[in-house]
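Please open the model in your viewer and keep the selection tool at hand. We will go from stop to stop, selecting a few residues each time.

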Amino acid sequence: MDLNQIDHSLLNDCIKGKSEAEYKLYQISHSYLMSICIRYTRNQDKAREMLNMGFHRILNKLDKYRQNEVPFKSWIRVVMINTLINEFNKEKTHQNN
């Protein structure tokens, strides 16, 4: 399934907290998001950890997604990259202390 052609009813079900919809969205977006995480972390275990953090953040922010204005694939990419950057900065700050 193309992430830009995502079913809006699936996203609405995710916003309502329906776990079946969340799992389906996870399955649909997993490989795309994992490729982003691998590219930034270059470590399989860290990439999996970041994928889970980022996906959780995507679900929490899904109600802010403007379905008619921004392609879904672009939006989840931005959320995932921001998650990766935030975690990198936290680790960097922690290592410097």
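Predicted model: local features only at pLDDT ≥ 70, side-chain atom pairs only at ≥ 80, totals over all residues.

Residues are numbered from 1 along each chain as its sequence is written, and side-chain values use heavy atoms, with hydrogens and water left out.

**Stop 1: helices α1 and α2**

Select residues 8-15 for α1 and 19-41 for α2. Helices here are DSSP runs (H or I, at least four residues), numbered from the N terminus. The two axes come within 8 Å and cross at roughly 125°; axes are lines fitted to C-alpha atoms over the stretch in contact, and angles run from 0 to 180 degrees between N-to-C directions. α1 and α2 are therefore oblique to each other, a word for angles that are not under 35 degrees (roughly parallel), over 145 (roughly antiparallel) or 65 to 115 (roughly perpendicular).

Now show side chains. From α1, Leu 10, Leu 11, Asp 13 and Cys 14 meet Ala 21, Glu 22, Lys 24, Leu 25 and Ile 28 of α2, where contact means heavy atoms within 4.5 Å. Sorted by class, the residues of this contact are six nonpolar, no polar and three charged. In this scheme Ala, Val, Leu, Ile, Met, Phe, Trp, Tyr, Cys and Pro are nonpolar, Asp, Glu, Lys and Arg are charged, and the others, Gly among them, are polar.

**Stop 2: helices α2 and α3**

Among the residues making the contact are Tyr 26, Ser 29 and Leu 33 of α2 and Met 50, Leu 51 and Phe 55 of α3. The contact has twelve nonpolar, five polar and three charged residues.

**Stop 3**

Centre on Ser 29 in α2. Is Ser 29 buried or exposed? Ser 29 is buried, with a relative accessible area of 1%; buried means under 20%, exposed over 50% and partly exposed in between, using a 1.4 Å probe and protein chains only. Leaving aside neighbours within four places in sequence, look for the contacts of Ser 29 with Leu 3, Phe 55 and Ile 76.

Arg 42 counts as exposed, at 76% relative accessibility. Check its backbone too: Arg 42 has a positive phi of about 60° although it is not a glycine.

**Stop 4: Ile 81**

Select helix α4, residues 72-96, and find Ile 81 in it. Ile 81 is buried, at 14% relative accessible area. Beyond residues up to four places away in sequence, Ile 81 touches Ile 36 and Tyr 40. For a distance check, draw a line from Ile 81 to Glu 91: ten residues apart in sequence, they are 15 Å apart in space, C-alpha to C-alpha.

**Stop 5: the aromatic rings**

How many aromatic pairs does the structure hold? There are four, counting rings of Phe, Tyr and Trp (its six-membered ring) whose centres lie within 6.5 Å. One of them joins Tyr 65 and Phe 72, edge-to-face at 5.4 Å centre to centre, with 75° between the planes; planes over 60 degrees apart count as edge-to-face, under 30 as stacked and the rest as tilted. Both Tyr 65 and Phe 72 are buried.

Methods
Helix = DSSP H or I, 4+ residues; strand = E, 2+ residues; numbered from the N terminus.
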